[in-house]
Amino acid sequence: MPPKGSKASNAGSRSRSSTPAPATSATSSSSTSSPLSTLYNSYVEHTPKRLKVIDAFLVFLMLSGIIQFVYCALITNFPFNSFIAGFASTVGQFVLAASLRIQANPENGKTFPKVTPERAFGDFLFGSVILHFFVFNFLG
């Protein structure tokens, strides 16, 4: 018969070896959500409000383009010029807004040393007017 101390140490080692197993499974389930929550928290804390507004506009433009494309594919494309003009307007505005976001980001100051955020916004407005001039003329 083994001594009492050895039973206790065996039982204690069994309980210790079984205790970390649930802890590792809990950390593995939290590690799958951790990168997304870390990304979201970092975005909320470190992104300036000006860039968040541009990001919201980019999401709106993307959803608008998707809705236009799905409508054309599933329902009708009867006034095809209207679809092309609307979709080109959405894509063009998305490209202009994405370039505005890149130029207005303070972390890209070394890449665009001579472009201030105000000038980037002026370029965005000028490009938008030109884009919508061509889109309006394409409608017929």
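# What the core and its helices show

Guide: In this predicted model, the largest nonpolar core has ten residues: Leu-51, Ile-54, Leu-58, Leu-61, Leu-96, Ala-97, Leu-100, Ala-104, Ala-120 and Phe-124. Helix H3 (49–74), helix H4 (80–104) and helix H5 (117–139) each give two or more residues to this core.

Visitor: What makes these ten residues a nonpolar core?

Guide: A nonpolar core is a set of buried residues from a list that includes Ala, Leu, Ile and Phe, joined through side-chain atoms within 4.5 Å. Leu-51, Ile-54, Ala-97 and Phe-124 are among the members here.

Visitor: Why is Leu-58 called buried?

Guide: Leu-58 has a relative accessible area of 11%. Buried means under 20%. Therefore Leu-58 counts as buried.

Visitor: Where is Leu-58, and what does Leu-58 touch?

Guide: Leu-58 is found in helix H3. Leaving out residues up to four places away in sequence, Leu-58 touches Phe-94, Ala-97, Ala-98 and Arg-101. Ala-97 is 39 residues from Leu-58 along the chain, yet their C-alpha atoms are separated by 6.8 Å.

Visitor: Which other residues of H3 are buried?

Guide: Besides Leu-58, the buried residues in H3 are Leu-51, Ile-54, Asp-55, Leu-61, Gly-65 and Cys-72.

Visitor: How do you know that the span of H3 is close to the expected one?

Guide: H3 has 26 residues and reaches 37 Å from its first C-alpha to its last. The expected span is 1.5 Å times one less than the number of residues.

Visitor: What about the span of H4?

Guide: H4 has 25 residues and reaches 36 Å, against an expected 36 Å.

Visitor: What makes the pair Gln-93 and Ser-128 a polar contact?

Guide: The side chains of Gln-93 and Ser-128 meet at 3.0 Å. A polar contact needs N or O atoms within 3.5 Å, one able to donate a hydrogen and the other to accept it. The pair therefore counts as a polar contact.

Visitor: What else does Gln-93 touch?

Guide: Setting aside residues up to four places away in sequence, Gln-93 touches Phe-57, Leu-61, Phe-124, Leu-131 and His-132 as well as Ser-128.

Visitor: What covers the buried residues of H4?

Guide: The cover includes H3 and H5. Among the buried residues of H4 are Phe-83, Ser-89, Thr-90, Gly-92 and Leu-100. Leu-100 touches Ile-54, Ala-120, Phe-121 and Phe-124, not counting residues up to four places away in sequence.

Visitor: What does UniProt list as "transmembrane region"?

Guide: The unreviewed UniProt entry lists residues 56–76 and 120–139. In the model, residues 56–76 are 90% helix and 0% strand, with end C-alpha atoms 29 Å apart. Residues 120–139 are 100% helix and 0% strand, and their end C-alpha atoms are also 29 Å apart.

Note on methods:
Residues numbered from 1 in each chain as written. Predicted model: local features only at pLDDT ≥ 70, side-chain atom pairs only at ≥ 80, totals over all residues. Heavy atoms only, no water. UniProt positions renumbered as here; feature names shortened; annotations may be inferred. Helix = DSSP H or I, 4+ residues; strand = E, 2+ residues; numbered from the N terminus. Buried < 20%, exposed > 50% of the residue type's maximum accessible area, 1.4 Å probe, protein only. Contact = heavy atoms within 4.5 Å.
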